[in-house]
Amino acid sequence: MGFRIAVTGGIGSGKSMVCKALRAFGYPVYDSDTEARRLMHSDEAVIAAMVAEFGAEAYTDGRLNRPFIASQVFGSPERLLKLNSIVHPAVVADFVRWAADRNERLVFVETALLFESGLCSAVDKSIAVVAPEGLRVTRVMSRDGITEQEAYGRIRSQMEQDKLASMCDYTVVSDQVRPVLPQLERIVGELENDI
């Protein structure tokens, strides 16, 4: 099994761009958001737990009823916590299985919620991707077609990025001033030498 490294960062930080570069370098990257959606549609234990918690309306014609689930958890920290307590452990277990099946020396996982999800317990090292708040707002507005106020709201709902960076082993600054690739190459070189 390879050395497992998390790539994390708040919304609009540039972590997806970093993961795209890692894939271009030839490293496998597990996308926890995509896989969480897959598990909510295909994992029988997850589906059973979702129905038990949110009712039969959680699924329509065998597909996750996303608008209904969103309406259940929006503005309800307790319900969101319950949703996360179903999905996060399934994602962690799925990532561990996925990583065990890889022959590469380094495998990566992209996650916005490294510490909140418990995924931190399944990785050997972590990289925080950070960016100035104004740039993050611009990226999120452009990508999601939302207002500046909504973008700020999403950013503020997540862990403060200085705190996140202090909890991780490495930091990549994605500020459109310092090139990302040399930072990433240096970190990957160090990781390759560590194992």
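What follows is a chat about a predicted model, its sheet, a helix pair, and its pocket and cavity.

Student: Hi! Let's start with the sheet. How many strands does it have, and in what order?

Tutor: Hi! This is a predicted model, and in it an open sheet of 5 strands runs in the order 2-5-1-6-7, with parallel pairing.

Student: Which strands sit at the edges?

Tutor: Strand 2 (29–31) and strand 7 (170–173) are the edge strands, each pairing on one side only. From one strand to the next, the twist averages 25°.

Student: And how many bridges join strand 1 to strand 5?

Tutor: Strand 1 (residues 3–8) and strand 5 run parallel and are joined by 6 bridges. As one example, Arg4 has Val107 of strand 5 as its bridge partner.

Student: What does helix 2 lie across?

Tutor: Helix 2 lies across strand 2 and strand 5, and its angle to strand 2 is about 55°.

Student: OK, switching to helices. At what angle do helix 4 and helix 5 pack?

Tutor: Helix 4 (residues 66–73) packs against helix 5 (residues 77–100) at about 130°, and their axes are 7 Å apart. That angle is why helix 4 counts as oblique to helix 5.

Student: Which residues make that contact?

Tutor: Helix 4 brings Ile69, Gln72 and Val73, while helix 5 brings Arg79, Leu80 and Leu83. Sorted by class, the contact has 4 nonpolar, 1 polar and 1 charged residues.

Student: Nice. Now the largest pocket: how much space lies in it?

Tutor: About 1800 Å³. The pocket is lined by 44 residues, and the closest to its centre are Asp33, Arg66, Ala112, Leu113 and Gln158.

Student: Which element gives the most to that lining?

Tutor: Helix 5 does, with 9 residues. The elements giving two or more residues also include helix 1 (15–24), helix 2 (32–42), helix 4, strand 5 (106–111) and helix 6 (133–144).

Student: How does the pocket lining divide by class?

Tutor: There are 21 nonpolar, 12 polar and 11 charged residues in the lining of the largest pocket.

Student: Last topic. How many cavities of 30 Å³ or more does a search of the whole structure find?

Tutor: The search finds 1. The largest cavity has a volume of about 70 Å³.

Student: What lines the largest cavity?

Tutor: Its lining is Gly9, Gly10, Ala112, Leu113, Glu116, Gln158, Met159, Gln161 and Leu164. By class, that lining has 4 nonpolar, 4 polar and 1 charged residues.

How values were computed
Residues are numbered from 1 along each chain as its sequence is written. This is a predicted model: local features need pLDDT of at least 70, side-chain atom pairs count only at pLDDT 80 or more; totals for chains, interfaces and linings use all residues. Side-chain values use heavy atoms; hydrogens and water are left out. Axes are lines fitted to C-alpha atoms, for helices over the stretch in contact, and angles run from 0 to 180 degrees between N-to-C directions. Helices (H or I, at least four residues) and strands (E, at least two) are DSSP runs, numbered from the N terminus. Angles under 35 degrees count as roughly parallel, over 145 as roughly antiparallel, 65 to 115 as roughly perpendicular and the rest as oblique. Contact means heavy atoms within 4.5 Å. Ala, Val, Leu, Ile, Met, Phe, Trp, Tyr, Cys and Pro count as nonpolar, Asp, Glu, Lys and Arg as charged, and the others, Gly among them, as polar. On a 1 Å grid over the protein atoms alone, a cavity is a set of points where a 1.4 Å probe fits but cannot get out, and a pocket is an open set with protein on both sides within 12 Å along at least five of seven lines; lining residues have an atom within 4 Å of a point. Grid points are joined across faces, edges and corners, and a volume is the space filled by probe spheres set on the points. Two strands pair if DSSP finds at least two bridges between them.
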